[in-house]
Every structure is written in structure tokens, then in C-alpha cells.
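The sequence and structure come first.

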2 protein chains.
Amino acid sequence: MVTADNIQKTPQQAKFDLRAYLKERQNLCEAALDKSISIRYPEKIYEAMRYSLMAGGKRLRPILCLAACEMMGGTIDMAMATACAVEMIHTMSLIHDDLPAMDNDDYRRGKLTNHKVYGDDIAILAGDGLLAYAFEYVVTQTHNVPLERVVQVIARLGHATGATGLVGGQVLDLESEGKTDISVETLNFIHRHKTGALLEACVVCGGIIAGASSTEVQRLSHYSENIGLAFQIIDDILDITQTDEQLGKTAGKDLQAQKVTYPSLWGLEESKQKAQQLVEEACAELESFGDKALPLKELAHFITSRKN
Amino acid sequence: MVTADNIQKTPQQAKFDLRAYLKERQNLCEAALDKSISIRYPEKIYEAMRYSLMAGGKRLRPILCLAACEMMGGTIDMAMATACAVEMIHTMSLIHDDLPAMDNDDYRRGKLTNHKVYGDDIAILAGDGLLAYAFEYVVTQTHNVPLERVVQVIARLGHATGATGLVGGQVLDLESEGKTDISVETLNFIHRHKTGALLEACVVCGGIIAGASSTEVQRLSHYSENIGLAFQIIDDILDITQTDEQLGKTAGKDLQAQKVTYPSLWGLEESKQKAQQLVEEACAELESFGDKALPLKELAHFITSRKN
């Protein structure tokens with residue numbers, strides 16, 4: 001299997017310690033997320049929001065956001081509020097997706113899902129609360145960034161979250177369930193919206209905060225489109241090849257729900273190759289940024305090597 | 001019964017035709033809301049969002065927003081995007097509140113609720129879609145307003161919607177259901193958050209868009225706090241005194257759910273008097289704005305005279 005450790009590396013890449021980088025960034029994000037919501041009256045809703053927001057995970061989205069901002073010459077401080085906001089939005093989508101009315105999942109990241117702990121009503125409200133707070137958080141906690149950029153971030157996050165983004169992707173995903181004649185185009189639409197839109201927003205917003213030009217935003221957008229699709233292909237593969245325990249959630253759900261997935265269309269081997277190819281195309285988009293692009297390139301490779 | 005027609009009027013008030021004003025503003029808001037969301041692929045989610053957004057209602061929130069903006073010297077055009085956004089947020093809260101996991105209502109404004117038409121899954125997503133779009137809409141569709149004001153609007157809307165606002169109020173409301181020992185303080189907290197916070201945001205954001213000073217924002221905030229509570233008292237009264245048909249939704253729900261309401265604490269007559277008193281205090285806050293405050297004052301009186 002291709003892993004982050006055995007792929008061909010350039011001399012610069014060899015110097016870059018991805019594991020240490022991820023660890024450091026994860027810690028920064030955990031601390032910032034932990035500080036973002038404190039518990040007050042009525043406690044239950046803040047506890048429910050924190051329960052899912054602090055349930056671990058790789059924090060890939062906020063890390064991508066920070067990395068894009070730094071690549072474009074910005075600082076971690078400038079992008080941290082937006083990085084937290086994308087994780088809040090992502091968490092909202094997980095809480096709502098897990099509801100009995102949707103995917104009906106009992107476990108997520110090895111823990112009971114939000115509604116299994118707090119009830120369906122509170123889970124719906126915890127998602128709503130996180131979504132509203134994400135936007136408030138960006139505008140109240142972003143400092144030393146021109147307002148023109150801040151409002152662009154709000155626009156991009158809204159667009160990536162609503163019917164034009166992950167909500168639209170989720171709708172088509174629900175409609176496609178049980179259908180065995182889903183085309184690659186439909187599958188691509190689902191994932192470009194359900195997973196891709198928010199990943200793109202992470203990277204692009206990170207760049208915008210640092211003052212990326214429209215050409216640079218284009219490059220960031222292509223990079224993230226490619227890694228978004230690669231990410232989803234790997235997700236589909238893991239659902240087939242891993243156990244519940246390895247995944248931290250119910251495995252084999254796609255097969256059980258008769259979902260059309262990339263492996264079901266292309267087979268496992270071709271799916272892996274396709275993911276690898278998408279990652280290489282993603283990295284090619286960043287050539288002009290030189291060594292500064294190393295973290296984003298390594299993150300792209302990491303995505304295809306992950307095991308959960 | 002006190003109605004908008006038989007209350008004591010000053011000469012200026014006598015010249016103000018509230019009915020014509022409401023009709024004109026309602027039409028403006030309907031047209032703006034209709035334009036705000038067009039149907040595209042995947043159609044079902046846009047249809048579900050439009051179904052509830054265009055289901056009528058008094059459009060009191062957007063009208064308050066426009067009125068506050070005009071009182072402070074701004075224009076309808078400046079505030080219309082925010083006016084639409086508050087109605088999107090309000091609609092999201094209705095869709096989610098009506099879900100079986102929450103209040104389990106089949107009818108709203110005389111029409112089937114969103115989940116009865118589109119299913120629980122799509123209803124959850126339609127709410128999420130409207131909420132995300134509200135923020136996007138404010139930043140992309142507000143023109144000729146300084147960005148300092150636009151970001152303040154985003155912060156206020158987020159704060160009024162999340163756990164610090166209507167979500168928090170709804171959580172405490174759910175927790176209080178079936179309890180017969182709810183205090184006036186708890187009831188006030190519920191309504192200040194569940195209904196009051198968004199009403200306040202409408203009025204205050206309208207003012208902010210027009211450049212209101214912090215003292216003026218304070219006055220607008222007090223005005224709307226009072227009418228928010230009056231609005232809720234009237235809502236409780238109507239739930240007892242009106243039929244399903246008059247309300248356009250299931251009547252008597254509060255009694256059935258053994259909810260503590262203002263009439264259950266104070267009785268009907270005292271509740272009516274209290275609502276009237278709150279409206280008078282609300283109007284007193286606007287004295288310094290002279291004749292320009294007439295629409296907001298008349299809207300306050302209208303709230304206590306409504307029959308559905």
C-alpha cells in the first residue's frame with residue numbers, strides 16, 4: 001500500500017516531517033476549538049455542541065485552512081477563527097447526517113453519536129447552534145485581516161454549506177440510495193458537493209485571508225477539488241476494507257445500503273490508482289508556490305495513505 | 001378587544017395608514033424573498049426551502065428590519081438583504097421546530113409542514129440550507145453599506161440564532177415541557193431567546209445598517225425586547241382563544257403539552273394588560289426619533305392587536 005512514508009520524495013520533502021507537523025497543528029486546533037465554546041446556561045446545548053466538536057478526528061479541514069493561509073504568506077492567528085468555523089460546520093453536518101431521519105448511525109469516531117447521547121431534538125439544535133456560531137465566530141474572532149477578506153470568507157462558507165454545497169450533495173446522496181444505476185457524473189456531483197465543497201472552502205478561505213489573488217484562488221480551488229475527490233474515493237475504499245473498530249464507525253454501510261461508490265463502479269485497484277492520480281494533479285497545481293507548498297502537498301499525499 | 005383601529009391616536013398617528021403600510025411592505029418582502037432563491041439542480045432541496053419560505057406569514061421580521069433602517073435614515077435597498085436573511089432564519093427555526101423529534105406539528109400557516117411534504121430528512125436539510133444561505137445572502141446582496149456594518153449584522157444574526165439565542169430558548173422550552181413549576185424567570189428566558197433574540201436582531205440590524213450609534217442601538221434593543229415579549233404573550237393568548245382555522249396551525253397545543261404560559265401564570269386579562277404595557281414602554285424608547293418612529297410605534301401596537 002502507498003503510505004506517506006514510502007512514496008518517492010524530493011530532497012525538500014525528505015526534510016519535511018509530516019507526522020510532527022500534523023501533531024503540532026492538531027494540538028493547536030484542539031486548543032482553539034476547546035476555547036471557542038464554553039459551557040453556560042442552558043448547559044445541555046453547549047455540552048451537546050462540545051460533545052461532537054471535541055470528539056477528536058484528524059482536524060484535516062482546519063489544518064488545510066491554516067496551511068493554505070501560511071503558504072500565501074499569512075499567519076496561523078489570521079486564519080484560526082475560520083479554521084475553527086469550518087470544523088464547526090463539518091461537525092454540524094456529521095451530527096445531522098447521523099440522525100435517524102438521515103443515515104441513522106449510532107457510532108462516530110468510536111463514540112456514540114450526538115443524538116444517541118442527547119436525543120434527536122437536542123442533536124438537531126446542536127447542529128443548528130454550531131452552524132450559526134461558525135459565522136458569528138469568523139466575524140468576531142478574526143483579527144488583523146481586512147474586512148473585504150472576512151466577508152468573502154462568510155460568502156464562501158455559506159455557499160459551501162447550503163444547497164449549493166454540502167446540503168445539496170447530501171440531498172442527492174439520499175435520493176440515490178438504493179438505486180443501482182447511478183452514473184459517475186451523479187456520483188461526482190454528490191461528492192463534489194457533500195465533501196468537496198467544504199474542503200475547497202477551507203483551502204480557498206485560508207488563501208483569501210492571506211490576500212490570495214484570483215489566479216491563486218483558482219489554483220487553490222483546483223488543488224482542493226482534486227484532493228476532495230481523492231478523499232472520498234479513499235473513504236469508499238475504507239468502508240469496504242476496514243472493520244468497525246479500525247474506522248471508529250460502522251463499516252460496510254455503503255454495501256448494506258446498496259450505495260453506488262467508486263469501488264463499486266471501478267473496482268478497488270482502479271479506485272486506488274485514480275485517487276493517487278488526483279493527488280498528483282493536486283500537487284501540480286501548487287508548483288508555482290515552491291517550497292512553501294510542501295505542507296499542502298504532503299497533506300494531499302497523506303489523504304490517500306490514511307487508514308481511517 | 002384592543003385593535004390597531006380603536007386605540008388612542010396622536011394627530012401624526014391618525015395620518016399614518018398602517019394597513020396600507022403593511023400591505024406595501026409585505027409585497028416588497030414577498031417579491032424580494034421570491035427572487036432570493038431560484039430552483040436549480042438538485043431541485044428538491046430548493047423546492048423544500050422555497051415551500052416554507054414562501055408560505056406567507058405576516059413578514060413581521062423583515063418589515064421591522066426595514067422600518068428600523070428607514071427610521072435611522074437608511075433606505076429599503078440597504079436593508080433588504082438582511083430583511084430576507086432574518087426571514088430565512090425564522091423559517092429554518094419553524095421547519096426544525098415542527099419536526100417529529102421536536103414539536104411534531106403537521107400544519108403551519110394552514111399548510112402541511114415541511115417534513116409532512118418532503119420527509120424529515122429533507123426538512124432538516126432545508127433548514128440547514130436556509131440558515132447557511134442567510135449569512136451568504138447578507139454579505140453578497142448588501143450593497144452601498146460599509147463593511148464594518150455588514151460584519152456587525154453577521155455577528156448579531158449568528159448570536160441571535162445559535163445557543164445564545166433562539167436555539168438556547170428552544171432547548172429550555174423543550175426541557176420545561178410537562179413541568180408545572182416553571183418560574184416567570186424561566187419563561188422569560190425562554191421567550192427572550194426563542195422569539196425575542198431574532199426580533200431584536202431584526203430591529204437592531206436594520207439600525208446598524210443605517211449607521212445607528214451605540215446609544216441608538218440600545219434604544220432599538222429595548223424597544224424590540226419589549227415587543228418580543230408582548231408578541232409571545234399574545235401568541236400564548238391566541239393559542240387558548242383561537243381555533244385551528246383562525247390560527248392556521250394546531251390550536252391548544254400549549255394546554256395539551258401542559259406548557260406553562262403567561263396566561264397560565266397570570267390569567268388572560270392580566271396577560272393582555274401586560275402585553276399592552278410592554279408595547280407602551282417599547283414606544284416610549286422611540287420618543288427621541290420623533291415622527292420617523294411612527295411606523296415602528298404602529299407596528300408595536302399592531303402586535304398586540306393581531307388575531308393570528
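Predicted model: local features only at pLDDT ≥ 70, side-chain atom pairs only at ≥ 80, totals over all residues.

Glu24(A), Arg25(A) and Glu70(A) are joined by salt bridges into a network. Over all chains, the structure contains 24 salt bridges. In general, side chains of opposite charge can pair when their charged atoms come close.

**Selected salt bridges**

| Lys or Arg | Asp or Glu | N to O distance |
|---|---|---|
| Lys44(A) | Glu175(B) | 3.9 Å |
| Lys116(A) | Asp106(A) | 4.0 Å |
| Arg25(B) | Glu24(B) | 3.7 Å |
| Arg59(B) | Glu30(B) | 2.6 Å |

In chain B, Arg59(B) forms its salt bridge with Glu30(B) at 2.6 Å. This pair connects distant parts of the chain: Arg59(B) sits in the loop between helix H3 (43-53) and helix H4 (60-71), while Glu30(B) belongs to helix H2 (residues 18-36), 29 residues away. Arg59(B) is classed as buried because its relative accessible area is 1%, under the 20% cut-off. Glu30(B), with a relative accessible area of 22%, is partly exposed.

Arg25(B) and Glu24(B) form another salt bridge of chain B. Here Arg25(B) has 7% relative accessibility and is therefore buried.

In chain A, Asp106(A) and Lys116(A) meet through their side chains, with 4.0 Å from N to O. Asp106(A) has a relative accessible area of 32% and is partly exposed. Lys116(A) is also given as partly exposed, at 43% relative accessibility.

**Contact between chains A and B**

The size of an interface is often given as the accessible area lost when the parts come together. For chain A and chain B the buried area is about 3,900 Å², and carbon and sulfur atoms give 79% of that area. Chain A contributes 46 residues to the contact, and chain B contributes 46 residues.

Two salt bridges are found across this interface. One salt bridge between the chains joins Lys44(A) to Glu175(B), with the closest N and O atoms 3.9 Å apart. Six residue pairs are in polar contact across the interface of chain A and chain B. On the side of chain A that touches chain B, at least two residues come from each of helix H3 (43-53), helix H5 (76-98), helix H7 (120-141), helix H8 (147-161), helix H9 (166-176) and helix H10 (184-209). Of these, H7(A) gives the most, with 13 residues.

**Phe189(B)**

Phe189(B) is located in helix H10 (residues 184-209) of chain B. Is Phe189(B) buried or exposed? Its relative accessibility is 14%, so Phe189(B) counts as buried. Apart from neighbours within four places in sequence, Phe189(B) is in contact with Tyr41(A), Pro42(A) and Leu172(B). The C-alpha atom of Phe189(B) is separated by 13 Å from that of Glu175(B), which is 14 residues away along the chain.

**A nonpolar patch on chain A**

Tyr107(A), Leu112(A) and Val117(A) make a nonpolar surface patch of about 250 Å². Leu112(A) is part of strand S2 (residues 111-112). With 35% relative accessibility, Leu112(A) counts as partly exposed.

Technical notes: Residues numbered from 1 in each chain as written. Chains lettered and ligands numbered in written order. Heavy atoms only, no water. Patch = residues over 30% accessible without salt bridge, like charges linked within 9 Å, V, L, I, M, F, W, Y side chains within 5 Å. Areas by Shrake-Rupley, 256 points an atom, 1.4 Å probe, with all protein chains shown as cover. Helix = DSSP H or I, 4+ residues; strand = E, 2+ residues; numbered from the N terminus. Buried < 20%, exposed > 50% of the residue type's maximum accessible area, 1.4 Å probe, protein only. Contact = heavy atoms within 4.5 Å. Buried area = accessible area lost by both parts, 1.4 Å probe. Polar contact = N/O pair within 3.5 Å; in protein donor to acceptor, adjacent residues only side chain to side chain.
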